[in-house]
Amino acid sequence: MKGTRSTQIHLGLAIVVLASFITGCTSSASTKFFGQTAAPSENVLRYVSGSEPQSLDPQVPTGQPEARVIMAFFDGLVEYHPKSMEAIPAIAESWEVSDDGTEYLFHLRKNATFSNGAPITAGDFVYTFRRALSPELAAENAYLAYYVKYAEPYNSGQSFVRDKNGHFLHQSDLEPGADPAAEPPVKPDNFGADTEFHRKMDEPMRVTVPSDEKSRTALLEKDPKLKAAVAGKESIPITAEDVGYEAIDDHTFRIKLLQPAPYFLGLLAHQYFRVVHPPTVEKFGTQWTKPENIVTSGAYKLEAHKPYDEVIAVKDPTYWDAANVHVDRIEFYPLDEQTTMLNLYKAGRVDATYNHTIPSGWIERVKEFKDEYLLFPEAVIEYYSINTTQAPMNNLKVRQAFALAVDREALAKFRKTVKPLTDFTPVGIFPRYEEARTKVYSGLLAKNNVTPEEWDKRLFDGEKARRLLGEAGFPVQKQGAGWACPTFPFENVSVVYNTSENNKAVAEFLQAQWKQNLGITVPLNNMEWKTFLPSTKALEFKGFARRGWVADYMDPFTFLALFYSAKNDSSTGWHDPRYDKLLDDANKLTDPDARFEKLAEAEFMMMSQQPVVPLSTAGTNWIKKPYVKGLYPNAGTVHAWKFVYIERDPAKWDKNVENIMKDEDPRVEQQIAQLMQSQLNLERSKDLAKNENTAAVE
Amino acid sequence: MLNFILRRLLIIIPMALLVVTVTWGLIRMAPGNFYISERSLPPAVEQNIREKYGLDKPWYQQYGLMMLNIVKLDFGESLRYTGQSVNEIIYRHFPYSATIGLLAYLLALFIGLGAGLLAALRQNSPFDYSSMAFAMLGLSVPNFVLGPVLVLVFSLWLFWLPPARWGGGISSVILPVITLAAIYMAYIARLTRAGMLEVMRSDYIRTARAKGLNERSVLLKHGLRGGIIPVVSFTGPALASLLAGTVVVEKVFAIPGLGNIFIQSVLNRDEPLILGIVAFLSILIMIFNLVVDISYGFLDPRIRYE
């Protein structure tokens, strides 16, 4: 019996060895392209889009696999620039932003229609945006719209407070010396048409309290001043009509924000803000996205949806920009098995894949195909959250020691697709912010008596790490060739990560680093995702928890906001009201550089407290056939499909895609320029008017 | 006989409900839920979701409601895939798994039985050795190795067959069917061989031979019926699990089958979908077991149902 078993094992092993040998052989045979490469005779794109979409309803799903598919079917006010992801005109042909940065006025194009021929109007956007916030839909992405006035209170079921005379309670009434009976002054801003709704929006912020009796009582108990102000007044539930969305006429749409949010325009290209056809949604309810019911607003119509198999998009000839849609048919394959999709790619049955799809074992080989492999920095970071509420991790020096004891360059080399990270915003994504940050950091460092060299050594500084640990009361001693830290409370520190091969590899790497540099062996635990989430959110972990964060929009704020407010989602237990204030102050600034500097101050404050161990900025890591053009490795891996085209002339195929972001494709550039024209015209005429005004004054 | 079948059929219902109950309890014990994500929802929104799906009710009410729906054979809507009912999902994805599974089953049966039979008849011949060595190989190579090796050879070297996806008709079924069938084929071959060898030495075969029956009818009429009983008891449940879909093969070949969906439903904490598939599969398995038990009676006159 024993013999049989070992024969089995040997045979199995032999096969595995044989298989890897075979693979090895093929890899040494160098060919120009990775597998079968021939441009299709038709304008068809076959794209691996990631796991099966949760829904094709733009307001419902949160994942990137859904975003990629939904972007083909639905258009928004603006579209992502295929390279920079900045907002470019879509259904809105132009827009204006008020001087204080809190109001946006969109001029919609008149020829935009849904797939059933109905015109797309500002009213459809109002419907879509209100629906997206409705508590009944309970969209997980609703927070994206929270900068819109009264969006959050509506979404979370709150009420206004009104006295017997019909006066609403305003936040300014709570300030000392205010007269709650008097109506606060309305400051009309003359931005866009003057309407009753607009005046209401320009009023100071009203007080909102939870509509739910229990939560309201709880809130008022905590805030006696508010309790006194609210006493004897009735609460009026906030409705969708109170949210700052307004259709001035069929083709003019206005949004009022709570406070300036300079990244808001870029956010509007997100699938969450893409327009749906109200009658269809009303008629079919949750069934409206079925192929037989769906009405779309984008460049493509849904031909078929076979879950776990394919989503077929066909060009909509009635789309307003149909003349500039080059691919007639996109076949999305919802696959997430990396080897399977690469096999399909090699066999020439798939033209491109989504991001993070080349397994690390394949990278060395795939990298050789310089016309196909795309590795660019991504607006995604990986870090370890530290539970700062428990000893010994509540000690800053201990946290710093662990952060310093990781050789990030070695980690990046080991991971092959990532870049080392020492702060909390990704490297190479926001160059202008990074510039401002360098400036702010040098000032703050001088103030704190830290040399820039020392600061740069945050990449890895084992010596300082040991010293800090010693200062924290856990001296590190030399032991043989390595180190030992006998007094360290080992039982109180561990690493928890959500189950995945990559996460395991990183955890083991860190474990080795800490052992090597601090003499501390940290145990590793893995958990399945849905178990991991509640446990880390509730800070039920000792020491470290693996986390990643993907940008929602192209602004450093999307990362820094993770630590905003006491109830933040950072899973660290770290919070500082001064940090919140810095972020708020920053967003009030309209000058982008001044704002970035403020944000950098906040980042410095947070990083000085080291609630996280930053590890890396992710890389795009995906592959496309050289004949697929106009598909760029942007920082979010979201693609505006109408820029993509199939090039049949091998001479014009993409070559050396390392430069793909710098090289200009005249066809794509022209298409973007054409779209931008309406916005530039508007800006130019506004500038002209301004100049005339100033001239007149002079 | 009829009594036996009826009794067994009636047992299936409480058994299935028991399986569903245990599964439900296990899901409820696992931490996390279908809507949790990295970003916390506002408490009011979370409350809305809980109300919408009845999660705010006491557990016994939730259990009662779920059971009531299941008795009505309505598993409700998937929590993850909004607007899709569980019945619709099972109805849509089962045929993929069933097609692959049934083809693999037939292939395994055909080749496994044939090879096993021949090996038993020519015991210790080169055919016996080589086929059994092959079977050993089939048993020891897991399908997640066999699948990729087949893909490498037939899809990436020879470009004969698609490496994955359902789309291309018969050609896209060949590799997954072979991958899936291999281990069953090997097992059936070995079981057949062993069963036949044992039966051919038994007294009643000697009697049959002594009566002067020709070797052919000894083998097919008497030998085979007894010899394949172990095969039948193996292939009954095997057929059920083949039809139900196998995760590995469905993943490797990107087949939108039930196995794939089942795993995803667990990862998504999609309770109605998990329960629906569990109920469906448990009934399927119990029915196949029943069929196996009934077929014993036809194969072996010594077995009687009381």
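His356(A) is found in the loop that runs between strand E14 (352-353) and helix H11 (360-366) of chain A, where helices (H or I, at least four residues) and strands (E, at least two) are DSSP runs, numbered from the N terminus. Phi of His356(A) is near 60°, which is a positive value in a residue other than glycine. Most residues other than glycine have a negative phi, and most peptide bonds are trans. His356(A) is partly exposed, because 19 other C-beta atoms lie within 10 Å; a residue is called buried if 20 or more other C-beta atoms lie within 10 Å of its own, exposed if 12 or fewer, and partly exposed in between, with C-beta atoms placed from the backbone.

This is a predicted model, in which local features need pLDDT of at least 70 and side-chain atom pairs count only at pLDDT 80 or more, while totals for chains, interfaces and linings use all residues. Residues are numbered from 1 along each chain as its sequence is written, and chains are lettered from A and ligands numbered from 1 in the order in which they are written.

In chain B, Ala254(B) also has a positive phi, of about 50°, although it is not a glycine. Ala254(B) lies in the loop between helix H11 (247-252) and helix H12 (258-267) of chain B, and it is buried, because 29 other C-beta atoms are within 10 Å. Back in chain A, the peptide bond from Ala391(A) to Pro392(A) is cis, with omega near 0°, and Pro392(A) belongs to the loop between strand E16 (377-386) and helix H12 (396-404) of chain A.

Chain A as a whole contains 22 helices and 26 strands. Its radius of gyration is 28 Å, close to the 26 Å that the globule rule gives for 698 residues, so chain A is as compact as a globular protein of that length; the radius is taken over C-alpha atoms, and the rule is 2.2 Å times the number of residues to the power 0.38. Of the 698 residues of chain A, 47% count as buried. One pair of its strands, E9 (residues 245-249) and E10 (residues 252-256) of chain A, runs in the antiparallel sense over four bridges, where pairing requires that DSSP finds at least two bridges between two strands. E9(A) and E10(A) form a hairpin with two residues between them, and Tyr245(A) stands opposite Ile255(A) in E10(A).

Turning to a helix of chain B, the 15 residues of H10 (residues 229-243) should span 21 Å at 1.5 Å a residue, and the end C-alpha atoms are 21 Å apart, which agrees; the expected span is 1.5 Å times one less than the number of residues. The buried residues of H10(B), among them Val231(B), Thr235(B) and Leu239(B), pack against helix H4 (86-121), helix H7 (171-200) and helix H13 (271-299) of chain B.

Where the two chains meet, the contact takes 48 residues from chain A and 44 residues from chain B, two residues being in contact if their C-beta atoms, placed from the backbone, lie within 7 Å. On the side of chain A that touches chain B, H1(A) gives the most, with eight residues.
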